[in-house]
Amino acid sequence: MKDLLNAVVIAALLFGAVMSGINTHNIKSLTNKGLKIVVYDTIAVYDTIHNIISDSLLYNEIKRIGIKFPEIVFKQALLETGYFKSKLFRHNNNLFGMKHPRNRITISRGNLNGYAYYSSWKESVIDYGLWQRYNFTDGTEVDYYNLLKNVYAEDNKYIYKLRNLDIRP
């Protein structure tokens, strides 16, 4: 009975992927542990907690919330998570390597392994928007890169990596 239920759930997930226009021909990983299907050619992760993410969903959410410089922020999420594969993203729903803040408004649920954790990736995007509003009121793209370099980045080559990441939403 359990195997039948697992098969039905996996079939439903595949059906959802097909109906949403995602190419399922290149599925690289399919497991029943947590019922995850990973489609790397379109950068999508599916799980049973309706926590679905893709590059286009992420970019649209960044824009919907009104985060400044959405292309840069989109690249940050891809760089920080290794295209949604990092342990921090999978365990904490943390797209940006954010730590639980002490001084600003946050929707982080607290600390988990030294980083903020969220109940969904969308909460991580909202929290990044709160971080951005707290740290950056107005300026150019150059000003924003300077903020990231001076306040956000822990890696000396972070800005170089962001600028040279050849990804377009």
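Author: The part to look at is helix H3 and its neighbours. In this predicted model, Ile72, Val73, Gln76 and Glu80 of H3 meet Glu141, Tyr144, Tyr145, Leu148 and Tyr152 of H6. By class, that contact holds 6 nonpolar residues, 1 polar residue and 2 charged residues. H6 spans residues 141-152, and its axis comes within 12 Å of the axis of H3, with a crossing of roughly 30°.

H3 also has a contact with H2. Helix H2 covers residues 55-65 and helix H3 covers residues 70-81; their axes come within 10 Å and cross at roughly 135°. An angle over 145 degrees would count as roughly antiparallel and one of 65 to 115 as roughly perpendicular, and H2 and H3 are therefore oblique to each other. The crossing of these two helices, H2 and H3, is right-handed. On the H2 side the contact is made by Asp55, Leu58, Tyr59, Ile62 and Lys63, and on the H3 side by Pro70, Glu71, Val73, Phe74 and Ala77. Sorted by class, the residues where H2 meets H3 are 7 nonpolar and 3 charged, with no polar ones. Val73 is listed in the contact of H3 with H2, and Val73 is also listed in the contact of H3 with H6.

Glutamate 61 lies in helix H2. Its relative accessible area is 7%, under the 20% limit, so glutamate 61 is buried. Leaving aside residues up to four places away in sequence, glutamate 61 touches Trp121, Lys122 and Val125. The C-alpha atoms of glutamate 61 and phenylalanine 74 are separated by 9.9 Å, and the two residues are 13 apart along the chain.

Tryptophan 131 sits in helix H5, which runs over residues 121-135. Tryptophan 131 counts as buried because its relative accessibility is 8%. Apart from residues up to four places away in sequence, tryptophan 131 touches Met98, Arg104, Tyr144, Leu147, Leu148, Val151 and Tyr152. Among these, Tyr144, Leu148 and Tyr152 are also named in the contact of H6 with H3. Isoleucine 105 is 26 residues from tryptophan 131 along the chain, and their C-alpha atoms are separated by 8.1 Å.

Two loop residues come next. Most residues other than glycine have a negative phi. Tyrosine 83, in the loop between H3 and helix H4 (87-92), has a positive phi near 60°. With 30% relative accessibility, tyrosine 83 counts as partly exposed. Asparagine 93 is in the loop between H4 and strand E5 (111-112), and its phi is also positive, at about 55°. Asparagine 93 counts as buried, with a relative accessibility of 12%.

Finally, the chain around this part. The chain has 7 helices and 6 strands, which run α-β-β-β-β-α-α-α-β-β-α-α-α from the N terminus on. Of its 169 residues, 40% count as buried. Among contacts in the chain with a separation of 6 or more, 46% come from residues 24 or more positions apart. The accessible surface of the chain is about 10100 Å², and 53% of that surface belongs to carbon and sulfur atoms.

Note on methods: Residues numbered from 1 in each chain as written. Predicted model: local features only at pLDDT ≥ 70, side-chain atom pairs only at ≥ 80, totals over all residues. Heavy atoms only, no water. Axes fitted to C-alpha atoms, helices over the stretch in contact; angles between N-to-C directions. Helix = DSSP H or I, 4+ residues; strand = E, 2+ residues; numbered from the N terminus. Parallel < 35°, antiparallel > 145°, perpendicular 65-115°, else oblique. Left-handed = near helix turned anticlockwise from the far one by under 90°. Contact = heavy atoms within 4.5 Å. Nonpolar A, V, L, I, M, F, W, Y, C, P; charged D, E, K, R; others polar. Buried < 20%, exposed > 50% of the residue type's maximum accessible area, 1.4 Å probe, protein only. Areas by Shrake-Rupley, 256 points an atom, 1.4 Å probe, with all protein chains shown as cover.
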